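I opened a new page for this model.

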Amino acid sequence: MGGPDDVRRPVMRLRLPRLPRLLRFPVGSPLQLLLLACSFALAAYAGVRLLADDWFGVALWFVGAALLHDLVLLPLYTVADRAVVRGLGAVRRREWVPYVRVPAALSGLLLLVWFPLISGRVEQRYRIGTGLSTDVFLARWLLITAVLFGGAALLLTLRLLRLRRTAA
């Protein structure tokens, strides 16, 4: 102890080369990893249950929905959005576009999700399953659409009033 042979040597640490930023894997906290694993397990369970009875029908529905969206709906709402942008741009009011775009997108999404009930195409099946009528769905969708556009108009009006006050 403390003799000439007791020389302190520097500790050598092995340094691994660092991966480039693009190749690094972002690993979250243990809670995030647990939630991710649970969501994968739930998705796997839902997939097994969904595909158990009629896997071909489900696959056909997914392919049909993708084709309908990409070949029909996407061009339609792209043309509608361009028309709104050009129309409001022509009157030098392009900043008003979100006040039309957001309620229209939400209303379209509601129509897409609830279309079978809004159109009344599943009236008998819905009545057998629930004992209720589908007559109210069209009126409720129209009411929700009116509220969405009315709320957007109110927000735009408040914004314009605030801009006038700050300009004055």
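**Entry 1: helix 4.** I started with the buried residues of helix 4, which are Phe 137, Trp 141, Thr 145, Ala 152 and Leu 156. I took buried as under 20% relative accessible area, exposed as over 50%, and partly exposed as in between (1.4 Å probe, protein chains only). Helices (H or I, at least four residues) and strands (E, at least two) are DSSP runs, numbered from the N terminus. I then asked what covers the buried residues of helix 4. Helix 2 and helix 3 are included in that cover; it rests on contact, meaning heavy atoms within 4.5 Å. I also checked the span of helix 4: its 33 residues should reach 48 Å at 1.5 Å a residue, and the end C-alpha atoms are 49 Å apart, which agrees. The expected span is 1.5 Å times one less than the number of residues.

**Entry 2: ground rules.** I noted that the model is predicted, so local features need pLDDT of at least 70 and side-chain atom pairs count only at pLDDT 80 or more, while totals for chains, interfaces and linings use all residues. Residues are numbered from 1 along each chain as its sequence is written, and side-chain values use heavy atoms, with hydrogens and water left out.

**Entry 3: the whole chain.** I counted four helices and zero strands. Of the 168 residues, 9% are buried. The accessible surface comes to about 15,000 Å², and 69% of it belongs to carbon and sulfur atoms. Areas come from the Shrake-Rupley method with a 1.4 Å probe; for residues, only the protein chains shown count as cover.

**Entry 4: helix 2.** Buried in helix 2 are Val 97, Pro 103, Ser 107, Leu 117 and Ile 118. Their cover includes helix 1, helix 3 and helix 4. Gly 120 comes after helix 2, with a positive phi near 80°.

**Entry 5: Thr 134.** I found Thr 134 in the loop between helix 3 and helix 4. Is Thr 134 buried or exposed? Thr 134 is buried, at a relative accessible area of 4%. Leaving aside neighbours within four places in sequence, Thr 134 touches Leu 117, Gly 120, Glu 123 and Tyr 126.

**Entry 6: salt bridges.** I found two salt bridges, each a side-chain nitrogen of Lys or Arg within 4 Å of a carboxyl oxygen of Asp or Glu. Arg 101 meets Asp 81 at 2.8 Å, N to O. That pair links distant parts of the chain, helix 2 and helix 1, 20 residues apart. Arg 101 is partly exposed at 39%, and Asp 81 is partly exposed at 22%. Arg 127 pairs with Glu 123, with the closest N and O atoms 2.5 Å apart. Both lie in helix 3, four residues apart, about one turn of the helix.

**Entry 7: the surface.** I ended with a nonpolar patch of about 840 Å², made by Leu 50, Leu 51, Trp 55, Phe 56, Leu 60, Trp 61 and Phe 62. Patches are made of residues with over 30% relative accessible area and no salt bridge; like charges are joined within 9 Å, nonpolar side chains (Val, Leu, Ile, Met, Phe, Trp, Tyr) within 5 Å. Phe 62 sits in helix 1 and is partly exposed at 48%.
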